[in-house]
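Here is a short report on one structure. Look at the sequence and the model, then read on.

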Amino acid sequence: MSWLERFARPKVRALFRKDDIPEKLWEKCPACEQMIFHRELEAQMRVCPHCGHHMRIDARTRLSQLFDDGAFQTIELPAVPVDPLRFRDRKRYPDRLREAQGASTLADAIIVAHGKLGGHQTVIAASEFSFMGGSMGMAVGEALVAAARLATLQEAPLIVIPASGGARMQEGVLSLVQMARTTVAIEELREAGLPYIVVLTDPTTGGVTASFAMIGDIAIAEPGAMIGFAGARVIEETIRQQLPAGFQKAEYLLDHGMLDMVVHRHKLRETLTRVIDLLMTAPRSADVVAYPRTGLDIPAQPRA
Amino acid sequence: MNSYLDFEKPIAEIEGKIRELRHLSGDGGLNIVEEVARLQGKVDRTLRQTYARLTPWQKALVARHPERPHCLDYVAALVQDFTPLAGDRKFGEDRAVIGGLGRFRGRAIMLIGQEKGRDTAERVTHNFGMPNPEGYRKAVRLMRLAERFGLPVVTLVDTPGAYPGIGAEERGQAEAIARSIETCLDLRVPIVSIVIGEGGSGGAIALATANKVLMLEHAIYSVISPEGCASILWRSAEHAQEAAEALKLTSEDLLKLGVIDEIIGEPLGGAHRAPADAISSVGEALERSLSELRGVAGGDLRSRRRQKVLAIGQKTLG
Ligand SMILES: [Zn+2]
């Protein structure tokens with residue numbers, strides 16, 4: 001069984017296909033509207049075989065697609081204060097949070113995992129877009145800090161795969177501050193001489209794009225991914241003009257010099273492996289700086 | 001004082017009476033002095049009462065008051081030999097971001113600030129204080145220049161947010177903001193940021209990641225504008241007042257949360273009533289912060305700044 005088949009094991013499928021009818025055999029491509037046999041779509045890593053549209057995938061599937069043999073260990077997300085502002089809109093924030101946790105079985109909108117990628121010990125942090133729009137609050141910020149430190153301890157490259165609407169409004173300015181906190185984490189990683197690779201996926205916007213997502217040493221995006229700072233509607237309302245075709249799509253960003261490459265999902269694992277191979281060959285010339293720990297409990301070695 | 005905010009109506013009425021009395025008396029006959037003094041006392045009392053319990057939404061209105069002192073007012077009053085420096089050396093000059101060398105209390109500094117503009121023409125020139133990527137790239141360039149010459153960086157934050165436009169996106173607004181934050185966190189010279197009006201989201205934090213973050217009493221600093229938050233979470237911008245409450249965007253809340261280090265008190269009735277007083281308080285607070293950081297080694301300035309940022313979140317309102 002190849003890693004490709006393994007990632008589609010029924011248990012994992014059940015985890016994020018719960019919004020679909022359980023016995024559903026066919027799915028419609030949202031781009032070309034063609035019907036696709038469910039199993040074929042999974043085998044194609046949820047890329048439409050007719051038009052090449054890259055459908056959104058959840059964080060766990062993403063990780064199993066990338067790590068060798070689909071095998072990885074996740075780390076427990078560091079605990080952060082819940083509902084620091086006692087935020088209430090039409091709903092209480094803790095209720096929204098519990099709903100998202102119940103629906104996803106995740107603690108927050110990110111998974112931090114480590115394992116081998118092309119034989120290299122690698123740390124990957126992947127956003128879960130279905131968890132409150134992948135929004136970044138304290139938990140996501142702290143998870144990225146932990147991911148960068150785990151990578152430093154393991155002398156491993158860090159790959160971050162955002163899919164996020166931006167900062168989480170319900171944590172107010174404390175979510176805004178995560179833009180700076182995550183940047184500190186990346187700077188520390190960089191000073192340890194380790195590669196920081198970002199794979200931008202659909203959609204990545206707002207405070208996430210304007211911080212850790214746009215400072216990758218290598219910036220990769222999936223085809224057709226929507227990537228931007230401001231939302232298209234906000235821009236239209238501000239300038240009262242129609243937006244150009246393909247605006248804020250990965251290919252558009254590539255043309256404007258904002259990305260290194262746009263990579264098909266089927267080629268992503270191979271591309272990441274090659275990039276890491278090339279970056280990690282020379283002996284590291286790390287400007288290693290000591291930094292105080294924040295009390296996060298991170299395993300120095302991968303857990304079995 | 002020309003423009004009154006809605007909640008300042010009672011004050012507007014009393015001050016209207018004072019003006020009327022002065023106008024009627026013409027030559028300033030003695031008989032009105034007592035009445036004017038009485039009315040003035042009433043104005044002060046009303047102002048004190050109103051401004052002591054401004055709601056977060058009212059603070060947002062005060063923070064955006066058209067007569068509130070702006071970046072260039074602070075520069076004019078506090079910075080000698082101001083020498084504006086223009087351009088990002090990549091694409092253009094962004095007049096939403098003022099930058100330049102100057103002398104503050106005898107010592108050279110690099111000043112970077114967002115300017116909203118006063119009248120319509122100025123507002124257009126300064127793009128209402130909404131920077132394009134060039135503004136942030138200019139800021140990065142000037143911060144690096146300051147670092148090379150050992151000059152402290154002072155930033156004045158006052159923006160509704162980074163500009164949402166086609167060109168801004170094409171030229172990498174997100175990347176420009178991210179690099180500005182990154183540079184703030186890397187710099188080996190002191191950085192002091194002062195939120196003087198509106199600290200609008202990513203467009204603000206790009207310049208407000210500092211060793212010391214000060215904030216004027218009635219300024220606001222938030223992840224999203226109350227209107228934007230209301231239209232998303234309440235599905236209508238009409239709920240902006242509730243959103244302003246929920247976002248905890250006042251200086252008092254931000255101090256409790258450890259996001260800012262100090263509140264700079266405003267004159268009675270807000271900075272727009274007595275701009276010179278507000279500017280002089282900012283000058284005093286800035287001098288205190290700069291002198292605290294003077295003599296600290298570059299590497300320490302950087303690591304302390306990073307540790308400070310990482311420590312945010314340990315204090316909550318919950
Ligand atoms: Zn299709």
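## A buried ring

This model is predicted, with local features needing pLDDT of at least 70, side-chain atom pairs counting only at pLDDT 80 or more, and totals for chains, interfaces and linings using all residues. Residues are numbered from 1 along each chain as its sequence is written, chains are lettered from A and ligands numbered from 1 in the order written, and side-chain values use heavy atoms, without hydrogens and water.

B:Phe7 has a relative accessibility of 15%, so B:Phe7 is buried. Buried means under 20% relative accessible area, exposed means over 50%, and partly exposed lies in between (1.4 Å probe, protein chains only). B:Tyr51 is also buried, at 6%.

## Aromatic pairs

Over all chains, the structure holds 4 aromatic pairs. Rings of Phe, Tyr and Trp (its six-membered ring) pair if their centres lie within 6.5 Å; planes under 30 degrees apart are stacked, over 60 edge-to-face, and the rest tilted. B:Phe7 and B:Tyr51 have ring centres 6.0 Å apart and planes at 55°, so this pair is tilted.

The pair links distant parts of the chain, 44 residues apart. B:Phe7 sits in the segment before helix H1 (9–25) of chain B, and B:Tyr51 in helix H2 (residues 31–52) of chain B. Helices are DSSP runs (H or I, at least four residues), numbered from the N terminus.

## The zinc site

Which protein donors hold the zinc ion? They are A:Cys29 (SG), A:Cys32 (SG), A:Cys48 (SG) and A:Cys51 (SG), 2.2 to 2.4 Å from the zinc ion. Donors are N, O and S atoms within 2.8 Å of the metal (3.2 Å for Na, K and Ca); water is not among the atoms, so sites may look incomplete. The donor residues are spaced C-x2-C-x15-C-x2-C in sequence.

The 4 donor atoms subtend angles of 106 to 113° around the zinc ion, so the arrangement is tetrahedral (four donors, all angles between 85 and 135 degrees). A:Cys48 is buried at 3% relative accessible area, whereas A:Cys51 is partly exposed at 39%.

Notes
Helix = DSSP H or I, 4+ residues; strand = E, 2+ residues; numbered from the N terminus. Tetrahedral: all angles 85-135°; square planar, octahedral: opposite > 155°, others 65-115°.
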